[in-house]
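This report goes through a protein chain one topic at a time. Keep the sequence and the structure in view while reading.

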Amino acid sequence: MTSDILLCDLDAFFAAVEQHDHPEYRGRPVIVGGDPGARGVVSTCSYEARKYGVRSAMPVRRALELCPKAVLLPVDIRRYREVSAQVMEVFHRFTPDIEAVSIDEAYLAVKAGRGVETAAQIRDAVRMELGLPVSVGVSGNKLLAKIACEMAKPDGLKALWPADVPAVLWPLPVKVLPGVGPRSEEKLTGAGIRTVGDLTCAPASLLKALLGEFGATLRNYAHGLDDRRLVPVHQVKSVSEETTFPHDVAEREYVWSVLMELAEGVGYRLRKKGLTARTITLKLRYADFRTITRARTLACATDRDTVIYKAARELFDRHGGTPPWRLIGVRASNLTPGEQLSLVPSGGGEKEREVSRALDGLRARYGREMVWRARRLVVKEKDERT
């Protein structure tokens, strides 16, 4: 083991930022999300609100029924990104090896044997300088660091080493393992597999029958095994975005809309980094957890949202198979520096690039949810109805 791995997760991040910026909200249930009409959903809620049963992705109307005295606030993504950047600056003081997972979560690699000490120092720095709580899990790999981080919440520190797995991890329910949602948990418990320890004894053939190829991965997880490496920002060789649907999806038009949203995100990040990509990969997971990836290499490298979307959609239409689907993702790889060159100097490519620059400027200033293409309205309308 050459490094200790830390997973740092800012607790109830959006709500914590609001409580920091507005002292009058501290100690009160705070809900950050859309309007209380039929279409608003909870983005994040404070732990005070969670005591009432409020959860992320819940309709705001239902959340206010559970917690009528909650403070309801709109999403201020620009402010949250600003604070996230400040937190990442703190992390960089302790190690250059950082893999940002999301706006409020990152893996860090530090010298072996220094993980717990460094985690405590990071927590103190974030609390003292930014006034925010952060939970940290420490281990020798990403899997155990993530599980330890969940155990540490809220606002705690927990180490879970490979030697601890039999005593600490095996007695826990299977749902503590990443990737085990309600459907897979139901399949496992139906087969008599209720704890992580049960997974270690289950025949590989049974796990494959229940969960497809994910069964083998899950069995490794049950033993605390995970060979995924950190991908620090300076070593990134691909740009990807993916989403797990709140419920299994069967409507192709909805998936097309999500693909547009993901393509926009990938394109935005490519342009922000000054990169173009030759290869577009589609990741698709079915309701039974069977997962496929299909790739297409383009004739010319691109950073255009519509080109990325077109390639991803063609892959989906060709390989999507039979619904329902659980997760979809888009990855751009085979990266090269520099702006895409239009094959038609005065054609649509140049015009789209100008539009993209304008949209990128708005997103950088106000957040990526400030503007979107009409194709994404299908996603928004469906999500708002649920």
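## Around Pro324

Once neighbours within four places in sequence are set aside, Pro324 is in contact with Asp248, Val249, Ala250, Tyr286 and Ala287. The model described here is predicted. Pro324 sits in the loop between α13 (305–319) and β12 (325–337). With a relative accessible area of 33%, Pro324 is partly exposed.

## The chain as a whole

The secondary structure of the protein chain consists of 15 helices and 12 strands. Of the 386 residues in the chain, 45% are buried. The chain exposes about 18900 Å², and carbon and sulfur atoms supply 52% of that area.

Where in the sequence do the contacting residues come from? Among contacts with a separation of 6 or more, 64% are between residues 24 or more positions apart.

## Confidence in the model

The mean pLDDT of the protein chain is 86. A value of 70 or more is reached by 85% of its residues.

## Salt bridges

Side chains of opposite charge can pair when their charged atoms come close. How many salt bridges does the structure hold? The count is 19.

One of them joins the side chains of Glu82 and Arg79, with an N to O distance of 3.5 Å. Glu82 and Arg79 are three residues apart in helix α4 (residues 77–92), so about one helical turn separates them. Glu82 is partly exposed, at a relative accessible area of 43%. Arg79 is partly exposed as well, with a value of 21%. The cut-off for buried is under 20%, so Arg79 at 21% falls in the partly exposed class.

Another salt bridge is formed by Asp155 and Arg123, whose closest N and O atoms are 2.7 Å apart. Asp155 is partly exposed at 31% relative accessibility, whereas Arg123 is buried at 18%.

The side chains of Arg228 and Asp226 also meet in a salt bridge, at 2.8 Å from N to O. Asp226 counts as buried, at 14%. Elsewhere, Asp9, Glu150 and Lys153 are linked in a network of salt bridges.

## Cysteines

How many disulfides does a search of the whole structure find? It finds zero. A disulfide needs two cysteine sulfur atoms within 2.5 Å. For Cys67, the nearest cysteine sulfur belongs to Cys45 and is 9.0 Å away, so Cys67 is in no disulfide.

Cys67 is buried, with a relative accessible area of 1%. Cys201, in contrast, is exposed at 64% relative accessibility.

## Aromatic rings

A pair of aromatic rings is described by the distance of the centres and the angle of the planes. The count of aromatic pairs is six. One of these is formed by Phe245 and Tyr254, whose ring centres are 5.8 Å apart. Their planes are at 55°, so the pair is tilted. The reason is the cut-off: planes under 30 degrees apart count as stacked and those over 60 as edge-to-face, with the rest called tilted.

Phe245 is buried, with a relative accessible area of 6%. Tyr254 is buried too, at 5% relative accessibility. Ring pairs also link Phe13, Phe14 and Tyr80 into a cluster.

Methods:
Residues are numbered from 1 along each chain as its sequence is written. This is a predicted model: local features need pLDDT of at least 70, side-chain atom pairs count only at pLDDT 80 or more; totals for chains, interfaces and linings use all residues. Side-chain values use heavy atoms; hydrogens and water are left out. A salt bridge is a side-chain nitrogen of Lys or Arg within 4 Å of a carboxyl oxygen of Asp or Glu. Helices (H or I, at least four residues) and strands (E, at least two) are DSSP runs, numbered from the N terminus. Buried means under 20% relative accessible area, exposed over 50%, partly exposed in between (1.4 Å probe, protein chains only). pLDDT is the predictor's confidence in each residue, from 0 to 100. Contact means heavy atoms within 4.5 Å. Accessible areas come from the Shrake-Rupley method with a 1.4 Å probe; for residues, only the protein chains shown count as cover. Rings of Phe, Tyr and Trp (its six-membered ring) pair if their centres lie within 6.5 Å; planes under 30 degrees apart count as stacked, over 60 as edge-to-face and the rest as tilted.
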